[in-house]
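Hello,

Here is the structure we talked about. Please load it first, then read the notes below.

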Amino acid sequence: QVQLVESGGALVQPGGSLKLSCTPSGLPLRFSLYAMAWYRQAPGKQREVVARIGGDGGGGTYSADPVKGRFTISRDNYKNTLYLQMNDLRPEDTAIYYCYAHWIDSYWGQGTQVTVSS
């Protein structure tokens with residue numbers, strides 16, 4: 001059974017930083033093959049992509065305009081872990097953040113709550 005386990009969500013003040021992690025288990029193929037992404041869903045809004053990073057097949061990185069310059073996606077294929085470094089957090093970043101893996105099939109994590117509030 002495939003599981004993507006996110007961690008690192010918390011309550012943080014505006015301007016603060018958080019680092020999210022996602023550790024998959026049970027993937028049919030090696031972690032490095034998978035294109036990975038972070039999505040988020042705020043209350044009453046649709047789920048949206050935050051950032052993507054390619055796998056062994058390439059693809060580079062992509063950050064959505066609202067987070068460009070503040071959030072950085074990265075991966076450590078030796079640790080089988082995906083990261084999202086979030087700096088200069090704003091109240092509008094408040095959402096549940098989901099990890100996503102794709103290589104032929106797609107998988108989602110359960111999400112981790114990020115709340116930005118003073």
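Buried here means under 20% relative accessible area. By that cut-off, both C22 and C99 are buried. Keep in mind that this is a predicted model.

The disulfide

The structure holds one disulfide. C22 and C99 form it, with their sulfur atoms 2.0 Å apart. The link of C22 and C99 is left-handed, at -75° about the S-S bond. C22 sits in strand β3 and C99 in strand β9, so the pair ties together parts that are 77 residues apart in sequence.

The cores

The largest nonpolar core has 29 residues. Which of them have the most contacts inside it? They are M36, W38, L84, M86 and Y97.

Seven elements matter here, listed by residue range. Those giving two or more residues to this core are β3 (18-25), β4 (35-41), β5 (48-55), β7 (71-76), β8 (81-86), β9 (95-103) and β11 (112-116). The largest share, four residues, comes from β9.

Around Y97

Leave aside its neighbours within four places in sequence. Y97 is then in contact with E6, L20, W38, Y39, R40, V50, F71, L84, M86, G111, T112 and V114.

Best regards

Technical notes: Residues are numbered from 1 along each chain as its sequence is written. This is a predicted model: local features need pLDDT of at least 70, side-chain atom pairs count only at pLDDT 80 or more; totals for chains, interfaces and linings use all residues. Side-chain values use heavy atoms; hydrogens and water are left out. A nonpolar core is a set of buried Ala, Val, Leu, Ile, Met, Phe, Trp, Tyr and Cys residues joined through side-chain atoms within 4.5 Å. Buried means under 20% relative accessible area, exposed over 50%, partly exposed in between (1.4 Å probe, protein chains only). Contact means heavy atoms within 4.5 Å. A disulfide is a pair of cysteine sulfur atoms within 2.5 Å.
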